[in-house]
Structure formats: C-alpha cells, structure tokens
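Subject: Structure handover and notes

Hello,

Here is the structure for your files. Please keep the notes below together with it.

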Amino acid sequence: MATALITGASAGLGLEFAWQLATARHDLVLVARDEERLEQVAGQIRAAAGVRVQVLPADLSVADDVARVAERLASPGDEDERPVGLLVNNAGFATHQRFVGGDLDVEVRALDVMVKAVMVLSHAAAGQMTARGRGAILNVASVAALTAGGTYAAAKAWVRSFTEGLAVELRGTGVSATVLCPGFTHTEFHDRANLDMSGLPDVAWLHADRVVATALADVRRGVVISTPSTRYRTASALLRVLPRSAVRAIGHYR
C-alpha cells in the first residue's frame with residue numbers, strides 16, 4: 001500500500017484526490033492550512049476507506065511550514081511511517097486582482113504557494129523517490145498556463161514548464177513527473193476567490209471526479225502533460241499555435 005501526500009487537501013481537487021486515492025487503498029498525508037477541517041476529512045476517510053491518514057497542517061506561503069512538509073517527503077520511512085510514493089502539489093488560489101495597483105503581498109504569497117512550494121516539495125520528493133527507484137510527482141497547473149492571464153497564468157506556466165523539465169531529468173530513474181492542466185472545474189476555487197462565474201456556459205465546466213480520475217490514470221501511464229477532456233485538449237492545441245498577439249487579445253483566463 002503506497003502513501004500519497006496531497007497539498008491543498010481540505011477542499012476542491014485536493015479533497016477529490018484524497019478520496020480517490022484512499023478508495024484505491026493508498027495511505028494519505030493531508031496538507032492544508034485549516035487543521036480542524038483536515039481532521040474532519042481525515043476522520044471521514046479513515047472510517048470509510050480504512051486507510052491510514054496523517055494530518056500535516058501547513059501554510060505553504062511560510063518557509064518553516066514548507067520545510068516541515070519537505071522533511072516528511074524526504075523521509076525514507078520506518079516502521080511507523082511509510083515513505084511517500086506519490087506527491088500531489090495541488091495547493092493554489094486565484095489572486096482576483098490586477099497586478100498594477102494591486103496588493104503586492106497577495107502576489108508574493110501566491111508565488112510562494114504555487115511556485116516556490118512546488119519547487120521545494122518536488123525537490124524533496126524526487127530525492128527520496130529516486131533513491132528508492134520508484135515514485136511519482138503530480139503538479140497541478142491549468143490550461144491558463146498557455147494564456148496571458150496575469151500572475152495566476154504566469155505561475156501555472158512555470159509549473160507546466162518546470163514539470164516537463166523534471167520529467168526529462170527523471171527518465172530512467174523509476175520516478176515520473178506529470179503536470180495536470182484542467183480547465184474550469186466545479187470546485188470551491190472560484191467561490192473562495194469571490195469570482196462570479198455565472199456567465200460561463202455549462203459546456204465550459206469539468207467535474208472534479210473526472211479531472212482527478214484522468215490525472216491519476218495518466219500518472220499510472222507515465223504521461224507528462226495531462227489535460228482532461230477533448231474540448232480542453234483542443235483549446236490547448238489552439239492556444240499553442242495561435243500568434244501570441246491573438247492569445248493576449250483573448251484576455252484573462254481563470
């Protein structure tokens with residue numbers, strides 16, 4: 001039975017990853033800021049799936065908290081604590097502001113959570129996994145990575161490029177790296193950012209269970225770029241071939 005560590009595990013895609021992995025008999029390490037909510041989720045999963053669940057409260061914009069999570073990832077394991085075989089770097093949030101004139105502290109925090117923490121945790125996990133000759137790293141980006149949608153898109157573009165480079169470096173080690181690039185997905189993500197998405201047509205939306213199932217299937221197959229649904233694979237292909245001037249004209253994407 002492998003152990004998976006999931007960041008941003010108390011809600012949204014992170015919570016769905018936790019349930020699907022627990023159903024597949026993975027032990028879990030759940031990471032998020034809200035300890036009370038994490039404990040509730042952990043209790044529900046233990047009762048329903050019968051797997052071991054460790055709660056690791058952490059704010060990934062705080063260096064000391066990231067270091068604690070990295071320490072767990074780097075651990076080779078012992079009788080009481082199995083090594084992490086799958087890292088899911090899922091934590092993130094929308095800044096919902098213009099960069100010029102916006103709150104710079106918010107932007108720095110977003111960069112810490114969605115870029116710096118992904119790098120630090122991937123480094124810790126990759127070292128431990130390559131030493132054992134097996135494991136997988138799944139980093140959650142977005143189709144937004146291919147757009148000119150402000151700092152959120154820029155962070156996700158870094159995640160996408162970083163994961164591709166990591167996948168190249170990990171060839172032949174027994175460890176894989178996959179980047180998940182979903183489109184609009186029904187979760188708490190937009191509500192938490194106070195984003196009004198009521199004008200978006202139903203066809204644009206994906207369901208979290210299918211996004212996560214696709215991502216995990218792609219991890220098992222060693223796919224590097226996982227883009228759920230034909231419509232978003234088509235949109236991604238179009239964004240890659242359009243002139244960048246046309247992409248910029250499309251405007252912001254969340």
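This is a predicted model: local features need pLDDT of at least 70, side-chain atom pairs count only at pLDDT 80 or more; totals for chains, interfaces and linings use all residues.

Residues are numbered from 1 along each chain as its sequence is written, and side-chain values use heavy atoms, with hydrogens and water left out.

Salt bridges

The structure holds 5 salt bridges, a salt bridge being a side-chain nitrogen of Lys or Arg within 4 Å of a carboxyl oxygen of Asp or Glu. Among them is the one between Asp-27 and Arg-52, at 3.6 Å from N to O. This pair links distant parts of the chain, with Asp-27 in strand β2 (residues 27-32) and Arg-52 in the loop between α2 and β3 (53-57), 25 residues apart. Helices (H or I, at least four residues) and strands (E, at least two) are DSSP runs, numbered from the N terminus.

Asp-27 also meets Arg-82 in a salt bridge, at 2.6 Å from N to O. Asp-27 lies in strand β2 and Arg-82 in the loop between α3 (63-74) and β4 (84-89), so this pair ties together parts that are 55 residues apart in sequence.

How exposed are these side chains? Buried means under 20% relative accessible area, exposed over 50%, and partly exposed in between (1.4 Å probe, protein chains only). Asp-27 counts as buried because its relative accessibility is 3%. Arg-52, at 39%, counts as partly exposed, and Arg-82 is partly exposed at 35%.

A further salt bridge joins Asp-65 to Arg-68, with the closest N and O atoms 3.6 Å apart. Both residues lie in helix α3, 3 residues apart, which is about one turn of the helix. Asp-65 is buried, with a relative accessible area of 18%, whereas Arg-68 is partly exposed at 35%. As for shared partners, salt bridges join Asp-27, Arg-52 and Arg-82 into one network.

Aromatic pair

The structure holds 1 aromatic pair. Trp-158 and Phe-162 form this pair, which is stacked, with 4.7 Å centre to centre and 10° between the planes. Rings of Phe, Tyr and Trp (its six-membered ring) pair if their centres lie within 6.5 Å; planes under 30 degrees apart count as stacked, over 60 as edge-to-face and the rest as tilted. Because Trp-158 and Phe-162 are 4 residues apart in helix α5 (residues 150-169), they are separated by about one helical turn. Trp-158 is partly exposed, at 27% relative accessible area, and Phe-162 is partly exposed at 22%.

Surface patches

Patches are made of residues with over 30% relative accessible area and no salt bridge; like charges are joined within 9 Å, and nonpolar side chains (Val, Leu, Ile, Met, Phe, Trp, Tyr) within 5 Å. Accessible areas come from the Shrake-Rupley method with a 1.4 Å probe, and for residues only the protein chains shown count as cover.

Asp-34, Glu-35, Glu-36 and Glu-39 form a negative surface patch. For charges, Lys and Arg count as positive and Asp and Glu as negative, with His and the chain ends not counted; the place of a charge is NZ of Lys, CZ of Arg, CG of Asp or CD of Glu. Glu-35 lies in helix α2 (residues 35-49) and counts as partly exposed at 44% relative accessibility.

A nonpolar surface patch of about 430 Å² is made by Phe-99, Val-100, Leu-104 and Val-108. Phe-99 is in the loop between β4 and α4, and it counts as exposed at 53% relative accessibility.

Backbone angles

Most residues other than glycine have a negative phi. His-96, which is not a glycine, has a positive phi of about 50°. His-96 is in the loop between β4 and α4 (104-132) and is partly exposed at 44% relative accessibility. Ser-229 has a positive phi near 80° and is likewise a residue other than glycine. Ser-229 sits in the loop between β9 (225-226) and α8 (230-241) and is buried, with a relative accessible area of 18%.

The C-alpha atoms of Ser-75 and Met-129 are separated by 9.8 Å, with the two residues 54 apart along the chain. Ser-75 lies in the loop between α3 and β4 and counts as buried at 15% relative accessibility.

Regards
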